[in-house]
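This note is written for a colleague who is meeting the structure for the first time. Please read the numbered points with the sequence and the model side by side.

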Amino acid sequence: MTDTSQATLSPTKRAGSRKVFIKTYGCQMNVYDSQRMGDALADGGYVATETMEDADLVLLNTCHIREKAAEKIYSELGRIRKLKAERAEAGKDMQVAVAGCVAQAEGAEIIARAPVVDLVVGPQTYHRLPQALARVAKGERVIDTDYAVEDKFSHLPHSQPAQLRARGVTAFLTVQEGCDKFCTFCVVPYTRGAEVSRPLARILEEARRLAEAGVREVTLLGQNVNAWHGEDAAGRSIGLGALLYALAEIPGLTRLRYTTSHPRDMDDALIAAHRDLPAVMPYLHLPVQSGSDAILKAMNRRHTADDYLRLVDRIRVARPDIAMSGDFIVGFPGESDADFAATMRLIEAVGYASAFSFKYSPRPGTPGAELPGHVDEPVKAERLARLQDLLRRQQQAFSEGLIGRSLSILIEKPGRRPGQVVGRSPYLQPVVMPESAGAVGDIVTARIVDSVASSLMAEGASETRGALTGGVVAA
Ligand code: SAH
Ligand code: SF4
Ligand code: F3S
């Protein structure tokens with residue numbers, strides 16, 4: 001921990017143990033950031049609470065990716081305003097902080113629209129949270145959304161082993177932030193700033209700490225994770241593939257994943273890591289957004305549908321059992337029926353094991369919002385329904401194809417029903433198993449006997465799950 005943060009944490013420490021309620025919206029990067037903000041606050045004497053009513057500090061870590069995501073924050077702030085008034089009547093204070101991508105995008109506007117907010121802190125400045133809260137405690141309203149020049153991670157306290165253990169046997173680790181791709185629909189380059197990679201040594205150090213705390217599976221995070229680059233000990237420039245080789249050496253780290261990748265940055269070394277490293281899970285989230293070259297061009301994706309299909313072929317040659325996942329946007333400005341049909345053809349050609357799909361949401365300040373040819377809402381809705389139906393059928397076919405096969409499962413937590421545990425397949429599906437299968441943190445081999453909704457059932461799970469029939473077990 002740095003001297004700066006120690007000095008500025010003391011005012012909160014003097015105030016005794018205060019309770020913080022953190023609510024996270026958006027992507028996995030925000031989940032990771034919330035954990036790190038939690039670390040910074042724990043260091044300043046805060047303890048986490050699961051109930052907002054009890055909180056001395058409410059922290060919303062927000063997402064700006066689509067209009068709905070941003071609007072959710074304001075309705076939540078409306079509820080918080082009432083809570084804060086109730087607490088004030090009981091003679092108790094409540095500080096309200098907005099962090100994350102809405103904070104970065106809207107800054108002072110948030111306080112103008114929701115005066116209940118005391119503090120607005122951006123994704124690149126949250127290492128200064130303790131200082132900012134000390135100013136709030138003196139009655140100031142604080143907006144801290146500069147793109148900090150210093151690396152926030154080197155100013156944050158490390159997560160304590162006990163905190164890491166409490167978070168479980170899987171963990172996120174941010175290795176890269178920001179984006180220089182400027183897809184015309186996307187706010188990320190504006191909310192998260194320019195692409196920056198964390199240095200190799202720091203990543204390895206954090207990964208070792210995770211492994212020592214019992215973490216078995218690490219998911220490397222970045223808005224463009226495969227744009228990660230660094231230098232090895234000999235000063236040679238390396239990419240994400242080499243980082244995976246280095247992480248695979250760490251004792252205890254048995255499973256590695258990374259997300260989210262851009263097709264343009266899938267290089268040979270990264271594909272080779274999928275071929276050579278058993279620790280790299282055979283699952284790849286590789287968004288394509290559209291299957292129409294005209295729309296891909298208007299989106300500034302800088303690849304064609306054919307580039308993407310050839311890339312998927314190369315990845316499948318390296319790792320034949322890889323499960324593909326993707327993101328799709330329907331109704332981007334100018335999208336015709338023929339463009340949409342091209343997206344459906346691409347989905348048919350790839351065959352996705354899972355996917356996320358969205359109606360285009362024009363975002364203020366992005367070039368896409370200024371384009372002509374906005375698609376009517378009912379057309380967007382109809383296209384999304386057809387696309388999701390196809391993706392759902394593919395996902396189901398993929399899961400059903402695993403029935404009868406034995407998979408390696410990392411047991412993550414107790415199940416919802418007594419006598420069960422829940423793990424994950426290499427392909428990221430939850431797997432329900434009997435607790436006799438092993439303990440949390442074990443990686444076991446289990447035969448899949450059924451697929452129910454988005455989960456798989458392993459042999460023996462039927463003992464505690466009445467719905468499973470003998471016929472399915474025999475399949
Ligand atoms: N960095 C990742 C994902 C960023 S955001 C990538 O390069 O693909 C996650 C997903 O949200 C995107 O892949 C996209 O499908 C969707 N998305 C982003 N902006 C959007 C918008 N304006 N409207 C609808 N969906 C959007
Ligand atoms: Fe957004 Fe495109 Fe960057 Fe992904 S690559 S974060 S979609 S601008
Ligand atoms: Fe949302 Fe920001 Fe993530 S806009 S998707 S929280 S990078």
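1. In which strand is Ile409 found? The model is a predicted one, and in it Ile409 belongs to strand 17, which covers residues 406-414. Is Ile409 buried or exposed? Its relative accessible area is 0%, and because buried means under 20%, Ile409 counts as buried.

2. Leaving out residues up to four places away in sequence, Ile409 touches Arg255, Gly423, Arg424, Ser425, Val431, Met433, Asp442, Ile443, Val444, Ala446 and Ile448. A C-alpha separation of 9.0 Å is found between Ile409 and Pro430, which are 21 residues apart along the chain.

3. Strand 10 comes next. All 5 of the 5 residues in this strand, residues 217-221, are buried, and strand 10 is therefore largely enclosed by the rest of the structure. In a regular strand the side chains alternate between the two faces of the sheet. Here Glu217, Thr219 and Leu221 point one way, while Val218 and Leu220 point the other way. The residues pointing in both directions are buried.

4. Which strands are joined to strand 10? One is strand 7 (residues 170-174), which runs parallel to strand 10 and is joined to it by 5 bridges. Within this pairing, Leu220 of strand 10 has Leu173 opposite it. Another is strand 13 (residues 255-259), also parallel to strand 10 and connected to it through 5 bridges. There, Val218 has Leu256 of strand 13 as its bridge partner.

5. Ligand 1 has 15 residues around it, and those that come nearest are Phe185, Gln223, Gln289, Asp327 and Ser361. Which atoms of ligand 1 lie 3.0 Å and 2.6 Å from backbone atoms of Phe185 and Gln223? For Phe185, a polar backbone atom is 3.0 Å from a nitrogen atom of the ligand. For Gln223, a backbone N or O atom lies 2.6 Å from a nitrogen atom of ligand 1. Arg66 contributes a polar side-chain atom, 3.1 Å from an oxygen atom of ligand 1.

6. Ligand 2 is surrounded by Cys179, Lys181, Phe182, Cys183, Phe185, Cys186, Val188, Pro189, Asn224, His262 and Arg301. How many residues of each class does this shell have? There are 7 nonpolar, 2 polar and 2 charged residues around ligand 2.

7. Thr184 lies in the loop between strand 8 (176-177) and helix 8 (188-191). With a relative accessible area of 11%, Thr184 is buried. Apart from neighbours within four places in sequence, Thr184 is in contact with Ala298, Met299, Asn300, Phe332, Thr366, Pro367 and Gly368.

8. Salt bridges form a further topic. Side chains of opposite charge can pair when their charged atoms come close. The count of salt bridges in this model is 32. One of them is formed by Lys84 and Asp118, whose closest N and O atoms are 3.2 Å apart. This pair links distant parts of the chain: Lys84 is in helix 3 (residues 67-89), whereas Asp118, 34 residues apart from it, is in the loop between helix 5 (108-113) and strand 5 (119-121). Lys84 is partly exposed, at 21% relative accessibility, while Asp118 is buried, at 12%.

9. Other salt bridges lie within a helix. Glu205 and Arg209 form one with closest N and O atoms 3.4 Å apart. Why are Glu205 and Arg209 separated by about one helical turn? They are so separated because they are 4 residues apart in helix 9 (residues 200-212). Glu205 is partly exposed, with a relative accessible area of 32%, and Arg209 is likewise partly exposed, at 31%.

10. In helix 13 (residues 305-318), Asp307 and Arg310 are 3 residues apart, about one turn of the helix. Their side chains meet in a salt bridge with an N to O distance of 3.2 Å. Asp307 is partly exposed at 33% relative accessibility, and Arg310 is partly exposed at 48%. Elsewhere, Arg36, Asp39, Arg167, Arg198 and Glu206 are joined into one network by salt bridges that share partners.

Terms used: Residues are numbered from 1 along each chain as its sequence is written. Chains are lettered from A and ligands numbered from 1 in the order in which they are written. This is a predicted model: local features need pLDDT of at least 70, side-chain atom pairs count only at pLDDT 80 or more; totals for chains, interfaces and linings use all residues. Side-chain values use heavy atoms; hydrogens and water are left out. Buried means under 20% relative accessible area, exposed over 50%, partly exposed in between (1.4 Å probe, protein chains only). Helices (H or I, at least four residues) and strands (E, at least two) are DSSP runs, numbered from the N terminus. Two strands pair if DSSP finds at least two bridges between them. A residue is near a molecule or strand if one of its heavy atoms lies within 4 Å of it. Ala, Val, Leu, Ile, Met, Phe, Trp, Tyr, Cys and Pro count as nonpolar, Asp, Glu, Lys and Arg as charged, and the others, Gly among them, as polar. Contact means heavy atoms within 4.5 Å. A salt bridge is a side-chain nitrogen of Lys or Arg within 4 Å of a carboxyl oxygen of Asp or Glu. A polar contact is a pair of N or O atoms within 3.5 Å; within protein, one must be able to donate a hydrogen and the other to accept it, and residues adjacent in sequence count only if both atoms are side-chain atoms.
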